[in-house]
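Dear colleague,

I am passing on the structure below, together with some notes on what was found in it. Please read the notes with the coordinates open beside you.

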Amino acid sequence: MLPEYNIGEILYSLRQNKSITIEELTKGICTKEEYERFEKESAYPTVEQLYLLGQRLQVNLVYFFSMAKKCNQNYSQLVINLINKYKRVRDYQTIYDIVLKEQHSPIFDNVQLKQFLKWHEGVCLYYLHNETEKALELLDDAIKLTNKEFKNLTESEIEILTSIAMIAYESKDYVQARNYFEQSLDELQRLPSLVDPKVKIRILFGFSQSLTEEGEYERSLTYCQQGINLCIEVELLYLLAELHYQSGENFIKLGEVKTGKHYIEKSLFLCDLTKHEKMGVLMKAELTKMISSLPS
């Protein structure tokens, strides 16, 4: 019976999601070595062991088996949610480990799911190993899985194009980054509706960053304001602090120091509100650097 279920994959994903070590999970239930075989599916737990493991993972057996049934969409969605969770905190190593583990799973045989994994493999290769060429090749291939002509992109394809734009920006190829962001926005306008407003917010922020680097401060401010307005409209804090900081930087570089400081103070408040202390420290340091570089 148990080989009909993705027991190992579910155990691994739930354990990662709950941030529980193998030792914590298995204490009094089975040995560490036994459990490692469960995750690899070279052995299977007894129903009693599974029940006890489920209690530690805060899932009951009925829910566990509904997720673990092979080819069940619940499991693929669990993995997608897990990857998105780690993406928010930029834990690319954990994302890469998940991607490598799931690449050959029959559950991810669907073309859209393959695309999702290939997209995140490319992103991880860039941020973990700085393999720019290979990363861009994977992202390009990911789009081609569903759209060989690169025309009339879907929302998910636009997200991948945005990742290409971000890699260009991070690689300091600001002209190319700007072109990709502009293309992403154009493609977005063609969509009848937008499922996730964060997609547009991400593009507007990336576009504004690229324009700032090219010295187009006023144009950058336009896209910053669009991003801020959208955040307010859809009641999202996503990138709101960063958009305020970017606005502040633009104003300071335009010589409007008082207005610039006002925006950056708002961004620092938002960092404090959302408990992004590290980002707040970086913003303060950058503000000091900007002010000190101004002509006296």
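Helices here are DSSP runs of H or I with at least four residues, numbered from the N terminus. Please keep in mind throughout that this is a predicted model.

With that convention, Phe269 belongs to helix α15, which spans residues 257-273. Its relative accessibility is 53%, and because exposed means over 50%, Phe269 counts as exposed.

Turning to the aromatic side chains, a search of the whole structure finds seven aromatic pairs. One of them is formed by Tyr92 and Tyr127, a stacked pair with 4.7 Å centre to centre and 10 degrees between the planes. Since Tyr92 lies in helix α7 (residues 92-102) and Tyr127 in helix α8 (residues 111-129), the pair ties together parts that are 35 residues apart in sequence. The two partners fall into separate accessibility classes, in that Tyr92 counts as buried at 14% relative accessibility, whereas Tyr127, with a relative accessible area of 31%, is partly exposed.

A further aromatic pair, that of Tyr169 and Tyr174, is tilted, with 5.5 Å centre to centre and 55 degrees between the planes. Here Tyr169 is buried, with a relative accessible area of 14%, and Tyr174 counts as buried as well, at 17% relative accessibility. As for Tyr92 and Tyr127, they also form one aromatic cluster together with Tyr126.

Is Ser220 buried or exposed? Its relative accessibility is 0%, and because buried means under 20%, Ser220 counts as buried. Ser220 lies in helix α13, which runs over residues 217-233. If its neighbours within four places in sequence are left aside, Ser220 is in contact with Ser208, Leu211, Thr212, Gln246 and Asn250.

With kind regards

Definitions and conventions. Residues numbered from 1 in each chain as written. Predicted model: local features only at pLDDT ≥ 70, side-chain atom pairs only at ≥ 80, totals over all residues. Heavy atoms only, no water. Helix = DSSP H or I, 4+ residues; strand = E, 2+ residues; numbered from the N terminus. Buried < 20%, exposed > 50% of the residue type's maximum accessible area, 1.4 Å probe, protein only. Phe/Tyr/Trp six-rings, centres within 6.5 Å; stacked < 30°, edge-to-face > 60°. Contact = heavy atoms within 4.5 Å.
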